[in-house]
Amino acid sequence: MALWGMVIDLDRCTGCQACVMACKAENNVPAVGAKEAARGRIISWMQVLTEEDEEHPGEKMRFLPRPCLQCDDPPCTKVCPVYATYRNPEGIVAQIYARCIGCRFCMAACPYNAKYFNWHRYQKDAPGQNPDVSIRPKGVVEKCTFCHHRLQKARDRALAEKRELLPGEYMPACAEACPARAIVFGDLSDPGSEVARLARSPRAFRLQEELGTKPKVVYLTEGEGRG
Amino acid sequence: MAERTDNLDAPLLAPIERTGPGFYWSVGALSVLVLWGAVAYWSQFSEGLGVTGLHQPVSWGFYVTNFVFFIGISHAGTLISAILRLSKAEWRRPITRMAEVITVMVLFIGAGQILVDLGRPDRMLNVIRYGRYQSPLLWDATSISAYLTASIVYLYLPMIPDIAILRDRLAKRKLLYTVLALGWTGSERQQRVLNRAIAIMAVLVIPIAVSVHTVVSFVFSMTLQPMWHSTIFGPYFVVGAIFSGIAALIVAMIAFRRAYRLQGYLKPIHFRYLGQLLLVMSLLWFYFTFAEYLTGYYGSEPEEMKVFWAKFSGPFWPLFWGMALTNFVIPVLTLARLGRHTVGKVLIASLSVLVGMWLERFIIVVPTLSNPRLPFGEGIYGPTWVEWGEMAGSFALFALFYLLFTKLFPVISIWEIREGRDVGLREVEERLLTYLPETGEPPVATTERGH
Amino acid sequence: MSEARPVPDRTVRIIQWAMAGVAVLFIGGIITWISHLIRTAWRLKDVPSASIGISLVAIPVFLILLSVILYVFWGLLGDGDGREQSPPRPAARAGGDPHGEAG
């Protein structure tokens, strides 16, 4: 059974946000419009957080791409009252739009603010959308799913061709789009995979690890002379 | 023996028998507010929660605050009615009915707040069909169902002898009163059954009530968020609930005392005792608040301090210090000496506490959400007309339900007042004698009390 | 007052026992619901301990509530049935004043 995880090398990240745009295009993430954006309702499954570099104030920014960290002990699934979010056996924290009642408890519980809400009906079915990803109705919570639909398609293809899933065959849109190749994706349970190897790097750290959420997105801290 | 005192308690039946213009004006005004709330909710139901001021990261605001606030007020009934009944405090007699009605009505309004807060209220049955007991929301659902059932029973049982009075005295609503009176004739056996049932309920309702506000607090304390994940929340919320419950009860008592001219029944002494209870709760509330904030401040954990300073001196400082003023300073100042102008002082203190406790709930919910751990921008929450309308409509709906209740049933328990007159004095005297050392003389009471 | 009331006694009795029936259905429904949630959690292997733990407290509480309700119905209605026409006892009986006090 695979355990899907991600390593993001912060030294390579340029803050270009290609990952953000690729994610939005791939997953039919609605553009909420300027008015809603001004009210704080942007939906961005992958979000690049910025912080001023303390050692070079006013000159440099630090970037942190933050998808859903797909925790192994997710605080969001604990509090969901209706089984609308749960952790599947391969480690992906899934979101069932059809069952979500919009109580937003998971949003309040997530320490990474990785969950987003459809405050209005932001979009209808329209041409140009990715047909593999469902359009979310109003009043439900959504979040990054590691492009789970791509996993399903890759598995189906491998099954049809009567072979195993090859490493690199399933990759979320953000990992595929990053021009600096800062995002590495794969099976953490395979000790030979690049993801597993990088996750063991001495530069590796997890966000807010002390909370015990066991996130499966591992960051590689910036290089020499950095924190 | 009871017949000759019938006319004594005529003021208690007057609101049911006659309706004045004041009633219609009140219903009209309240209905306008309820209508505002309904219009506000309709716009939310059709457009989505976007019509509120909620956003990412402050995804909980007025509705959750109101939920905690209204459920908190439900502790009025339990404290006064159950605890005072169990401790055989005679001064509870004119108060118990009003307290129990508050509990029942406010639980409906409180539960309604959560339904209003849902993004998909059309799917609310999912909680029934697919509920997960690991989620504190399910603990809420179960606990509030138990409390609602228990409160309705605990309200209804002591009403039965009064309903029998209405059945026999009034010509209108015969079917309603006859059905609800359950064939009450006042016989020995019926009295025994009723008293036993009420006693059981008085004991049962207290742990249920404590569990209700504890699990409401668990909605916050079971998350990992700074200044939410605190072990003090359970007792803190219960204390706050009892505090706001007494305040709401006092306001209701003063309102109906005025409207229905019940000055003979709700006397300054009742307000004095309640005022003293309110003072004690204010001090207790302050103690819990102080412990909570001192612990956070002393530990100086960076994430907690962000939220702490947001409340102390940041964007929320007017609400935080307003809370301290209205929950502690004003009540202590007004309630310290209740000799003169008792009712007036107690009214000011209670209104102040109601405002303060609402602010307290808000200060718990919003600043934590507004200051996320990761470097997002700080979330500013500005409620819209929809949220104000919903709040006004909720308060008005509660008041309307209450008002309609007082038109159908006596707002002061007639039979308990009569019981107080007939047997209360004797029972208290007997009890007092059992406390005192033996004198060798036969006691005034009969021999049924063993020594 | 034992004068004939305009309300037929049988109707009243039926409604009263129907109220008891509603209580049984309501509380029975809640207990059924809680068991349904336990079974679902068990089937999905989703922290069944939480469901079982809560039901150990919740179900007895609801059963006690139901018992109290039924006890009162039985105690009051059962007694009233046989004593319809007996003279009212003065102690707690709130009989109407024959002079028809209206206020």
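Residues are numbered from 1 along each chain as its sequence is written, and chains are lettered from A and ligands numbered from 1 in the order in which they are written. Because the model is predicted, local features need pLDDT of at least 70 and side-chain atom pairs count only at pLDDT 80 or more, while totals for chains, interfaces and linings use all residues.

User: Which chains have the most contacts between them?
Analyst: Two residues are in contact if their C-beta atoms, placed from the backbone, lie within 7 Å. Chains A and C do not touch, and their nearest C-alpha atoms are 9 Å apart. Of the two pairs of chains that touch, the most contacts are between chains B and C.

User: Which element of chain A gives the largest share of the side that touches chain B?
Analyst: This contact takes 37 residues from chain A and 34 residues from chain B. Strand E2 (47–52), helix H3 (75–79), helix H4 (105–109) and strand E6 (116–117) of chain A each supply at least two residues to the chain A side; helices (H or I, at least four residues) and strands (E, at least two) are DSSP runs, numbered from the N terminus. The largest share, four residues, comes from H4(A).

User: How many residues on the side of chain A that touches chain B are nonpolar?
Analyst: Ala, Val, Leu, Ile, Met, Phe, Trp, Tyr, Cys and Pro count as nonpolar, Asp, Glu, Lys and Arg as charged, and the others, Gly among them, as polar. On this side, six residues are polar and 10 are charged, and the nonpolar ones number 21.

User: How far apart are the centres of domain 1 and domain 2 of chain B?
Analyst: Domain bounds come from an automatic or database domain assignment, which for chain B gives domain 1 (28–412) and domain 2 (413–451). In the contact between them, 12 residues of domain 1 meet eight residues of domain 2. Taken over C-alpha atoms, the centres of these domains of chain B are separated by 36 Å.

User: Why are the buried residues of helix H1 of chain A on the same side?
Analyst: In H1 (residues 18–26) of chain A, the buried residues are Cys19(A), Cys23(A) and Glu26(A). They lie on the same side of H1(A) because they cover an arc around the axis, taken from the directions from the helix axis to the C-beta atoms, of only 70 degrees.

User: Which strands are at the edges of the open sheet in chain A?
Analyst: Four strands form this sheet in the order E8-E1-E10-E9, with mixed pairing. Two strands pair if DSSP finds at least two bridges between them; E9(A) and strand E10 (residues 217–220) of chain A run antiparallel and are joined by two bridges. The strands that pair on one side only are E8 (183–187) and E9 (204–205) of chain A.

Key. A residue is buried if 20 or more other C-beta atoms lie within 10 Å of its own, exposed if 12 or fewer, and partly exposed in between; C-beta atoms are placed from the backbone.
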